[in-house]
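The exercises below are meant to be worked with the sequence and the 3D structure side by side. Try each task before reading its solution.

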Amino acid sequence: MSGGEQKPERYYVGVDVGTGSVRAALVDQSGVLLAFADQPIKNWEPQFNHHEQSSEDIWAACCVVTKKVVQGIDLNQIRGLGFDATCSLVVLDKQFHPLPVNQEELERDLLG
């Protein structure tokens, strides 16, 4: 490359799903934070000490924050997308219905 030319920008998106919200960040090839967005996740407590969330709501929040952080950039310059969502694991059966994730019910449903 000659002195006046620059490499095209490269961007990376990180998405983090937490207990109360989904967050996304856009960084450039040097690791500089260029954009950040967060979106709350709905949480229900149908009975004491029993919390529920919707996988559809979580996915919708992932889409919202990702679209916000990439707004205005050339999507062809995105070189990586990473997810961290350890608290939001959803196990689906063959008909794509959610399965319970407690050990006894999971074994019963999977090994049945």
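**Exercise 1. With which residue does Asp16 form a salt bridge, and how far apart are the closest N and O atoms?**

Before starting, note that this is a predicted model, in which local features need pLDDT of at least 70 and side-chain atom pairs count only at pLDDT 80 or more, while totals for chains, interfaces and linings use all residues. Residues are numbered from 1 along each chain as its sequence is written, and side-chain values use heavy atoms, with hydrogens and water left out.

Step 1. A salt bridge is a side-chain nitrogen of Lys or Arg within 4 Å of a carboxyl oxygen of Asp or Glu, and a search of the whole structure finds one.
Step 2. The partner of Asp16 is Arg23, with the closest N and O atoms 2.5 Å apart.
Step 3. Relative accessible area, taken with a 1.4 Å probe and protein chains only, is called buried under 20%, exposed over 50% and partly exposed in between; Asp16, at 24%, is therefore partly exposed, and Arg23, at 25%, is likewise partly exposed.

**Exercise 2. Describe the order of helices and strands along the chain.**

Step 1. Helices (H or I, at least four residues) and strands (E, at least two) are DSSP runs numbered from the N terminus, and the chain has two helices and eight strands.
Step 2. Read from the N terminus, the order is β-β-β-β-β-α-β-β-β-α.
Step 3. Of the 112 residues in this chain, 21% count as buried.

**Exercise 3. Is Val65 buried or exposed, and which residues is Val65 in contact with beyond its neighbours within four places in sequence?**

Step 1. Val65 lies in helix α1 and, at 0% relative accessibility, counts as buried.
Step 2. With contact meaning heavy atoms within 4.5 Å, and leaving aside neighbours within four places in sequence, Val65 is in contact with Val22, Arg23, Ala24, Ala37, Asp38 and Gln39.
Step 3. Val65 and Asp38 are 27 residues apart in sequence, while their C-alpha atoms are 5.9 Å apart in space.

**Exercise 4. Why does the aromatic pair of Trp59 and Phe83 count as stacked?**

Step 1. Rings of Phe, Tyr and Trp (its six-membered ring) pair if their centres lie within 6.5 Å, and planes under 30 degrees apart count as stacked, over 60 as edge-to-face and the rest as tilted; the structure holds one aromatic pair.
Step 2. The rings of Trp59 and Phe83 have centres 6.4 Å apart and planes at 20°, so the pair is stacked.
Step 3. Because Trp59 lies in helix α1 and Phe83 in strand β6, the pair ties together parts that are 24 residues apart in sequence.
Step 4. Trp59, at 53% relative accessibility, counts as exposed, whereas Phe83, at 44%, is partly exposed.
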